[in-house]
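Subject: Structure handover

Hello,

Here is the structure I said I would pass on. Please open it beside this message while you read.

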Amino acid sequence: MTPDLFSDTDTAQPPRIEALGTQAWVLRGFALPWVEGVLAPLREVLKAAPFRRMVTPGGFTMSVALSNCGALGWTTDTHGYRYSPLDPRTGLPWPGLPIVIRELGIAAASAAGFADFDPDACLINRYLPGAKMSLHQDKNERDLEAPVVSVSLGLPAVFQFGGHARGDRPLRVPLLHGDVVVWGGVDRLRYHGVLPLAQGTHAVMGAQRINFTLRKAG
Ligand code: SIN
Ligand code: FE2
(Lines give C-alpha, C1' and ligand atoms only; values in the text may rest on other atoms or scores of the structure.)
(Ligands and ions follow the chains in the order given, each with its own letter.)
Protein backbone atom coordinates (compact mmCIF):
# COMPACT_ATOMS: atom_id res chain seq x y z
CA MET A 1 0.00 0.00 0.00
CA THR A 2 1.37 3.44 -0.88
CA PRO A 3 1.18 6.07 1.78
CA ASP A 4 -1.43 8.73 1.17
CA LEU A 5 0.66 11.81 0.57
CA PHE A 6 -2.36 14.03 0.81
CA SER A 7 -3.62 12.87 4.17
CA ASP A 8 -3.18 15.54 6.78
CA THR A 9 -4.44 13.55 9.75
CA ASP A 10 -1.02 13.67 11.40
CA THR A 11 -0.67 17.41 11.04
CA ALA A 12 -4.30 18.49 11.31
CA GLN A 13 -4.51 21.96 12.85
CA PRO A 14 -7.60 23.81 13.97
CA PRO A 15 -8.71 26.27 11.28
CA ARG A 16 -6.78 29.52 11.56
CA ILE A 17 -9.66 31.65 10.36
CA GLU A 18 -13.01 31.36 12.08
CA ALA A 19 -16.17 33.14 11.00
CA LEU A 20 -18.21 34.91 13.68
CA GLY A 21 -20.55 36.42 11.09
CA THR A 22 -20.79 37.39 7.42
CA GLN A 23 -18.12 40.06 7.90
CA ALA A 24 -16.67 39.11 11.28
CA TRP A 25 -13.62 36.88 11.73
CA VAL A 26 -11.15 35.56 14.25
CA LEU A 27 -7.66 35.32 12.77
CA ARG A 28 -5.93 32.84 15.06
CA GLY A 29 -2.34 33.74 15.86
CA PHE A 30 -2.29 36.40 13.15
CA ALA A 31 -0.38 38.89 15.33
CA LEU A 32 2.26 36.42 16.59
CA PRO A 33 4.89 37.35 13.98
CA TRP A 34 4.29 41.03 14.82
CA VAL A 35 4.44 40.87 18.62
CA GLU A 36 8.14 41.49 19.02
CA GLY A 37 8.00 44.51 16.73
CA VAL A 38 4.91 45.91 18.39
CA LEU A 39 5.99 45.77 22.05
CA ALA A 40 8.73 48.44 22.00
CA PRO A 41 6.63 51.14 20.28
CA LEU A 42 3.71 50.23 22.55
CA ARG A 43 5.93 50.81 25.59
CA GLU A 44 6.92 54.23 24.21
CA VAL A 45 3.26 55.16 23.70
CA LEU A 46 2.45 54.13 27.26
CA LYS A 47 5.33 56.17 28.65
CA ALA A 48 3.85 59.30 27.07
CA ALA A 49 0.23 58.38 27.76
CA PRO A 50 0.05 55.92 30.69
CA PHE A 51 -2.89 53.64 31.31
CA ARG A 52 -5.65 55.21 33.37
CA ARG A 53 -9.10 54.12 34.45
CA MET A 54 -11.82 56.37 33.09
CA VAL A 55 -15.33 57.11 34.32
CA THR A 56 -18.41 56.25 32.27
CA PRO A 57 -21.26 58.71 31.67
CA GLY A 58 -23.18 56.69 34.29
CA GLY A 59 -20.51 57.53 36.88
CA PHE A 60 -18.82 54.12 37.09
CA THR A 61 -15.04 53.76 36.97
CA MET A 62 -14.16 51.21 34.28
CA SER A 63 -12.30 48.10 35.47
CA VAL A 64 -10.23 48.21 32.28
CA ALA A 65 -7.49 50.85 32.14
CA LEU A 66 -6.91 52.50 28.76
CA SER A 67 -4.71 54.70 26.65
CA ASN A 68 -4.62 55.69 22.99
CA CYS A 69 -2.33 56.44 20.11
CA GLY A 70 -3.11 57.92 16.71
CA ALA A 71 -4.73 61.15 15.59
CA LEU A 72 -7.84 60.41 17.65
CA GLY A 73 -8.28 58.70 21.00
CA TRP A 74 -11.40 57.26 22.57
CA THR A 75 -12.28 58.77 25.94
CA THR A 76 -15.11 58.73 28.41
CA ASP A 77 -16.10 60.92 31.33
CA THR A 78 -19.34 61.93 33.00
CA HIS A 79 -20.23 64.01 29.92
CA GLY A 80 -20.16 61.04 27.53
CA TYR A 81 -18.07 58.93 25.16
CA ARG A 82 -16.16 60.63 22.36
CA TYR A 83 -13.02 60.71 20.26
CA SER A 84 -10.58 63.50 21.00
CA PRO A 85 -7.27 64.52 19.41
CA LEU A 86 -5.96 65.39 22.91
CA ASP A 87 -5.15 63.30 25.95
CA PRO A 88 -7.39 64.83 28.65
CA ARG A 89 -4.69 64.15 31.29
CA THR A 90 -2.08 66.35 29.65
CA GLY A 91 -3.97 68.40 27.08
CA LEU A 92 -1.38 67.21 24.54
CA PRO A 93 -2.03 65.21 21.34
CA TRP A 94 -2.08 61.44 21.82
CA PRO A 95 1.19 59.75 20.80
CA GLY A 96 1.36 58.98 17.09
CA LEU A 97 0.22 55.62 15.73
CA PRO A 98 3.38 53.48 15.44
CA ILE A 99 3.90 52.36 11.83
CA VAL A 100 4.21 48.70 12.78
CA ILE A 101 0.85 48.78 14.60
CA ARG A 102 -0.78 50.51 11.65
CA GLU A 103 0.67 47.89 9.28
CA LEU A 104 -0.54 45.04 11.47
CA GLY A 105 -4.04 46.56 11.44
CA ILE A 106 -4.06 47.00 7.69
CA ALA A 107 -2.78 43.44 7.12
CA ALA A 108 -5.41 41.92 9.42
CA ALA A 109 -8.21 43.97 7.86
CA SER A 110 -7.09 42.90 4.42
CA ALA A 111 -6.95 39.21 5.47
CA ALA A 112 -10.56 39.60 6.65
CA GLY A 113 -11.70 41.09 3.33
CA PHE A 114 -11.50 44.79 4.16
CA ALA A 115 -9.23 46.44 1.63
CA ASP A 116 -8.17 50.09 2.03
CA PHE A 117 -8.44 50.20 5.82
CA ASP A 118 -7.02 53.53 6.95
CA PRO A 119 -6.96 53.57 10.78
CA ASP A 120 -6.60 56.88 12.61
CA ALA A 121 -7.32 55.68 16.15
CA CYS A 122 -5.85 52.96 18.34
CA LEU A 123 -7.41 52.32 21.73
CA ILE A 124 -5.21 50.31 24.08
CA ASN A 125 -6.97 48.42 26.88
CA ARG A 126 -5.29 46.78 29.87
CA TYR A 127 -7.14 44.02 31.72
CA LEU A 128 -5.81 42.83 35.06
CA PRO A 129 -7.41 39.68 36.51
CA GLY A 130 -11.04 40.45 37.32
CA ALA A 131 -11.34 43.27 34.77
CA LYS A 132 -14.12 42.96 32.21
CA MET A 133 -15.90 44.90 29.52
CA SER A 134 -19.68 44.84 29.45
CA LEU A 135 -21.56 44.24 26.20
CA HIS A 136 -21.54 47.38 24.07
CA GLN A 137 -21.55 48.57 20.47
CA ASP A 138 -18.68 50.58 18.97
CA LYS A 139 -20.60 53.48 17.49
CA ASN A 140 -18.63 56.67 18.16
CA GLU A 141 -16.86 56.41 14.81
CA ARG A 142 -17.88 58.39 11.76
CA ASP A 143 -17.90 55.44 9.33
CA LEU A 144 -19.86 52.58 10.86
CA GLU A 145 -18.89 50.05 8.19
CA ALA A 146 -15.11 50.38 8.35
CA PRO A 147 -13.77 47.46 10.37
CA VAL A 148 -12.66 47.25 13.96
CA VAL A 149 -9.36 45.34 14.22
CA SER A 150 -8.85 44.00 17.72
CA VAL A 151 -5.52 42.44 18.76
CA SER A 152 -5.18 40.33 21.91
CA LEU A 153 -1.91 39.98 23.83
CA GLY A 154 -1.16 38.23 27.09
CA LEU A 155 -3.59 36.31 29.27
CA PRO A 156 -6.46 34.46 27.59
CA ALA A 157 -9.91 36.01 27.67
CA VAL A 158 -13.44 35.07 26.73
CA PHE A 159 -14.74 37.49 24.11
CA GLN A 160 -18.50 37.78 23.77
CA PHE A 161 -19.81 38.47 20.30
CA GLY A 162 -23.53 39.12 20.24
CA GLY A 163 -26.10 40.35 17.77
CA HIS A 164 -27.55 43.74 16.91
CA ALA A 165 -29.73 43.84 20.01
CA ARG A 166 -28.31 43.96 23.51
CA GLY A 167 -30.42 40.96 24.50
CA ASP A 168 -29.17 38.67 21.69
CA ARG A 169 -27.33 35.72 23.16
CA PRO A 170 -23.60 36.26 22.51
CA LEU A 171 -21.14 33.70 21.17
CA ARG A 172 -18.31 33.00 23.61
CA VAL A 173 -14.99 33.11 21.82
CA PRO A 174 -11.76 32.26 23.65
CA LEU A 175 -9.03 34.69 22.61
CA LEU A 176 -5.36 33.90 23.07
CA HIS A 177 -2.13 35.86 22.78
CA GLY A 178 -1.74 36.83 19.12
CA ASP A 179 -5.35 36.33 18.05
CA VAL A 180 -6.98 39.13 16.05
CA VAL A 181 -10.72 39.72 15.71
CA VAL A 182 -11.96 41.81 12.78
CA TRP A 183 -15.55 42.92 12.35
CA GLY A 184 -17.07 45.42 9.95
CA GLY A 185 -19.69 45.93 7.25
CA VAL A 186 -22.98 44.27 8.15
CA ASP A 187 -21.48 43.02 11.45
CA ARG A 188 -19.96 46.34 12.50
CA LEU A 189 -22.58 47.23 15.10
CA ARG A 190 -22.81 43.87 16.81
CA TYR A 191 -22.67 43.95 20.60
CA HIS A 192 -19.47 42.61 22.11
CA GLY A 193 -17.67 42.45 25.44
CA VAL A 194 -15.13 40.55 27.52
CA LEU A 195 -15.87 38.32 30.54
CA PRO A 196 -13.89 38.92 33.75
CA LEU A 197 -10.27 38.00 33.17
CA ALA A 198 -9.08 34.91 35.04
CA GLN A 199 -5.94 34.96 37.20
CA GLY A 200 -2.79 33.86 35.49
CA THR A 201 0.65 34.84 34.30
CA HIS A 202 1.57 34.99 30.63
CA ALA A 203 5.15 34.16 29.63
CA VAL A 204 5.58 37.32 27.54
CA MET A 205 3.08 39.78 28.99
CA GLY A 206 2.91 38.85 32.67
CA ALA A 207 -0.30 38.94 34.72
CA GLN A 208 -2.38 41.00 32.30
CA ARG A 209 -4.14 41.07 28.98
CA ILE A 210 -3.45 43.94 26.59
CA ASN A 211 -5.92 44.52 23.80
CA PHE A 212 -5.56 47.16 21.16
CA THR A 213 -8.21 48.07 18.65
CA LEU A 214 -7.61 49.98 15.46
CA ARG A 215 -10.41 51.98 13.91
CA LYS A 216 -11.19 54.64 11.38
CA ALA A 217 -12.79 57.10 13.78
CA GLY A 218 -12.73 60.47 12.03
C1 SIN B 1 -13.31 46.64 23.08
O2 SIN B 1 -14.42 46.30 22.77
O3 SIN B 1 -12.90 47.82 22.99
C4 SIN B 1 -12.31 45.64 23.65
C5 SIN B 1 -12.49 44.25 23.21
C6 SIN B 1 -11.42 43.36 23.78
O7 SIN B 1 -10.79 43.70 24.79
O8 SIN B 1 -11.19 42.27 23.22
FE1 FE2 C 1 -15.72 47.64 21.64
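Predicted model: local features only at pLDDT ≥ 70, side-chain atom pairs only at ≥ 80, totals over all residues.

Ligand site

Ligand 1 takes up the space of the largest pocket. Which residues are around ligand 1? They are Asn 125, Tyr 127, Met 133, His 136, Ser 150, Phe 159, His 192, Val 194, Arg 209, Asn 211 and Arg 215. Sorted by class, four residues of this shell are nonpolar, five are polar and two are charged.

Several strands contribute to the shell. At least two shell residues come from each of β6 (121-127), β7 (133-136), β12 (192-194) and β13 (209-215). The strand that gives the most is β13, with three residues.

Some polar contacts can be listed by distance. His 136 has a polar side-chain atom 3.1 Å from an oxygen atom of ligand 1. For His 192, a polar side-chain atom is likewise 3.1 Å from an oxygen atom of the ligand. In the side chain of Asn 211, an N or O atom lies 3.3 Å from an oxygen atom of ligand 1. As for surface, ligand 1 taken alone exposes 260 Å², and the protein buries 99% of that.

Strand pair

Strand β1 covers residues 17-21 and strand β2 covers residues 24-27. Do these two strands pair in the parallel or the antiparallel sense? The pairing is antiparallel, over four bridges. Gly 21 stands opposite Ala 24, which belongs to β2.

Regards

Technical notes. Residues numbered from 1 in each chain as written. Chains lettered and ligands numbered in written order. Heavy atoms only, no water. Pairing = 2+ DSSP bridges. Near = heavy atom within 4 Å. Polar contact = N/O pair within 3.5 Å; in protein donor to acceptor, adjacent residues only side chain to side chain. Areas by Shrake-Rupley, 256 points an atom, 1.4 Å probe, with all protein chains shown as cover. 1 Å grid on protein atoms, 1.4 Å probe; cavity = no way out; pocket = protein on both sides within 12 Å on 5 of 7 lines; lining within 4 Å. Sits in = over half its atoms within 2 Å of the grid points. Nonpolar A, V, L, I, M, F, W, Y, C, P; charged D, E, K, R; others polar.
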